[in-house]
Amino acid sequence: MYVAKSISADHKDLIHDVAFDFYGRRMATCSSDHSVQVWDINDKGEWNCTASWKTHSGSVWRVTWAHPEFGQVLASCSYDRMAAIWEEVAGSTIASQRRQGHWIKRATLVDSRTSVTDVKFSPRSLGLKLATCSADGIIRIYEALDLTDLTTWEIQAQIQTKMISCSCLSWNPSRLHPASIAVGSDNPDQSAGGKVQIYEHMENEGKWTRTSMLMSITDAVHDIAYAPNLGRSYDVLAIATKDVVIMRFDKKDPSLIGPVSMRNTSPVQLDHQGAQVWQISWNITGTILAASSDDGLVRLWKANYLDKWKCIQVLKSDGSVASSALLMQPKDPVSKVYSQLPAPPPSQDAAPVSASFMSSSPTRAFRLHSFFSHTDPPSPRPRPNKPQPHSLDSFTGSPSERGIAGFSPGFSPQDPHYHY
């Protein structure tokens, strides 16, 4: 069952990103109007804007939350070549900053000489670290020197990718091997080579080393996302290009913990019928992938116990469910060789759980989609999106309009399905 709710935002220009916090009870939005808004949900399920303030002097491309273990901390990045760290603190606010709520700027990262296109906090197991990528093809990794004072951030590494214009990045959430980051480029030149690179931190050498370049990805990459790893012996990476491409990386010896050589199996290509995919987002268990595209649709993809991917639902711009004719299968020549390790079938006795995700279009409002399932594991986690347009409304529109979709974790510590 799917329920859609439209929420009007006060942004004065296109909304580029929507990000849920760890519990799915708060969300942040950013826009070309140079501002960030923070939204909270009340006991009646209504979303209210609790803070709105100007964060940059240019379009704000992305916003992301840190793990709540480190407090209520946000990071944003912008066309003004900066990334900013924001923290919510208790106490009253002065009248001139009332719309800003209790959010205080703790640090401004000014190392980039070009637009900062993406920003992501690292997994909790790595501490409070922040990765940014920019149009100059450089990944920068920062770390907070003192968790009680977020005003000082030290740049740990600058990775020269030698790609023209990095557009998106994703931390690998797996704890089974050292920290790694995947980065994509939106350079439209197909002759420029692979548009996705993967870097791993070598503890012994104390530096980041490129471990893989996906030469099969030659189209511009607009979003990239590692699937949450809940006990898998392999990693799954989703890439938003013309279609969605899913890559799997197997360890040669899954029993090893630490630096291990990896090999990637043949990719799965999820067909979006010629529509350009702009954003992708995994649910919290890494079993369902949401993808938004410029045809105004959000498609939900899921692999069965034989690891065959299927489109399980298509949602239209008004929140309604599209016709079954749009439930396309992956392109056969690729999908048949995706995996040799079938997962166990889902339990038929699982209790009903709910999940939700946010979608947006070239308007200045957004739409919350919720669905309920008796067989799917608990809820979704959001994934920030490429600095492509817009707001947060339904995907109203023409095929030329692009949208945003992000899963909400949709759980709380009191939730019977909460185990993390």
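Trainee: In this predicted model, over how many bridges do strand β15 and strand β16 pair?
Mentor: Strand β15 covers residues 180-185 and strand β16 covers residues 196-202. Within this pair, Ile181 stands opposite Tyr199 in β16. The two strands run in the antiparallel sense, and their pairing extends over 5 bridges.

Trainee: Which are the edge strands of the open sheet of 4 strands?
Mentor: The order in this open sheet is β14-β15-β16-β17, with antiparallel pairing.

Trainee: Is Met247 buried or exposed?
Mentor: Met247 has its place in strand β20, which spans residues 244-251. Because a residue counts as buried under 20% relative accessible area, and Met247 has a relative accessible area of 1%, the term that applies to Met247 is buried.

Trainee: What distance separates the C-alpha atoms of Met247 and Asp235?
Mentor: Along the chain, Met247 and Asp235 are 12 residues apart.

Trainee: What percentage of the residues of the chain count as buried?
Mentor: The chain contains 1 helix and 29 strands, and it exposes about 17200 Å², of which carbon and sulfur atoms supply 51%. Of its 420 residues, the share that counts as buried is 57%.

Technical notes: Residues numbered from 1 in each chain as written. Predicted model: local features only at pLDDT ≥ 70, side-chain atom pairs only at ≥ 80, totals over all residues. Heavy atoms only, no water. Pairing = 2+ DSSP bridges. Buried < 20%, exposed > 50% of the residue type's maximum accessible area, 1.4 Å probe, protein only. Areas by Shrake-Rupley, 256 points an atom, 1.4 Å probe, with all protein chains shown as cover.
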